Amino acid sequence: MEHVNYQYHKFAGYILFPVRLLTLVTSTLLTIGSISLLDCCGCKTIGKSVLLQYGKLTSQLLGLTIHSEGIENLTDKPCIIVGNHINLYDHYVMLNTLRNIPPYIVSNKFNIRPINIIFNFMKCIYTEDKKGNIIEKMKERIKEGDQITIYPDGCNPIPDGKLISPFRSGAFVPKAPIQPIVIRYVPSSNTNMNWYTDTISNTPFSLLKSYLQDGDMHVYVKVLPLQHYKDSYKSHEDYRDDIYELMTKELSTLPEQTPKVIVYKPSTEIMMKHLNYL
């Protein structure tokens, strides 16, 4: 990746963008239709397999090369899976890492058709409920032996000097076992990786466009050992802070989120070679 000619990479990104976008939309709609039909027929197991394959194939389409570490730490026991939220690719990365589809805590703004068909199939919990109701639903799911995935940083802007946005407390109130997972993206050329619009004039489409035009991202995922609530904690806030510090420390050991393509001066010979390859 470090030796790819920048001009070629940029040109290829523009050429392949509509292909990637059309394929992403088409595969997503086909998956939604398939799992909807399978769910109506009572074939939930097949539906889960379809959704997992969708996650795998979409990751390849988007150009994600996933490097996983600590997979042996994954548990099948009831727990809350906590990850740091960077962008919409996190969901595909999680599907590939967990090889399972535990329900998410999902913002109510995504409770719209057709995308909510996937969330409903996964039995996700929407934030339209009152805070107390969400906590009770989480406790109920854990009691039933399920796992739940949540991003307590909410994909919010990361403060200066920090690697992760501050955590909200909801995930830690149940005092259930926590499975921390940290994610770091190393793009080829994209400098616009974080999924928020506070500091840059972004829209969801402009962000998706910048990701699809890159098309060659290395994703480093580290699954940390299962964590448990300690008797020494005074409250769930201590639990939250401990997990935050642990994830921040582990995230700092992963490669930096900076583009890896070296910007060479345009070279006719190199350019022609790569255009022929394309």
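Let's start with one residue. Ser210 touches Asn190 and Asn192, leaving aside residues up to four places away in sequence. Contact here means heavy atoms within 4.5 Å. Ser210 sits in helix H6. Helices (H or I, at least four residues) and strands (E, at least two) are DSSP runs, numbered from the N terminus. Is Ser210 buried or exposed? Ser210 is buried, because its relative accessible area is 14%. Buried means under 20% relative accessible area, exposed over 50%, partly exposed in between, with a 1.4 Å probe and protein chains only.

A word on the model. It is predicted, so local features need pLDDT of at least 70 and side-chain atom pairs count only at pLDDT 80 or more, while totals for chains, interfaces and linings use all residues. Residues are numbered from 1 along each chain as its sequence is written, and side-chain values use heavy atoms, with hydrogens and water left out.

Now the pockets. On a 1 Å grid over the protein atoms alone, a pocket is an open set of points where a 1.4 Å probe fits, with protein on both sides within 12 Å along at least five of seven lines; lining residues have an atom within 4 Å of a point. Volume is the space filled by probe spheres set on the points, which are joined across faces, edges and corners.

The largest pocket holds about 1700 Å³ of space. Its lining has 50 residues, with His85, His91, Val106, Phe110 and Phe119 nearest the centre. Which helix gives the largest share of that lining? H1 does, with six residues. Helix H6 is among the elements that supply at least two. By class, this lining has 36 nonpolar, eleven polar and three charged residues. Ala, Val, Leu, Ile, Met, Phe, Trp, Tyr, Cys and Pro count as nonpolar, Asp, Glu, Lys and Arg as charged, and the others, Gly among them, as polar.

The second largest pocket has about 360 Å³. Its 14 lining residues include Lys48 and Asp146, both among those nearest its centre. Here the classes are five nonpolar, three polar and six charged.

Last, the cores. A nonpolar core is a set of buried Ala, Val, Leu, Ile, Met, Phe, Trp, Tyr and Cys residues joined through side-chain atoms within 4.5 Å. The largest has 40 residues, and Tyr89, Met94, Ile181 and Tyr185 have the most contacts inside it. H3 gives the most to this core, six residues. A second, separate core has 25 residues, including Ile135 and Tyr233.
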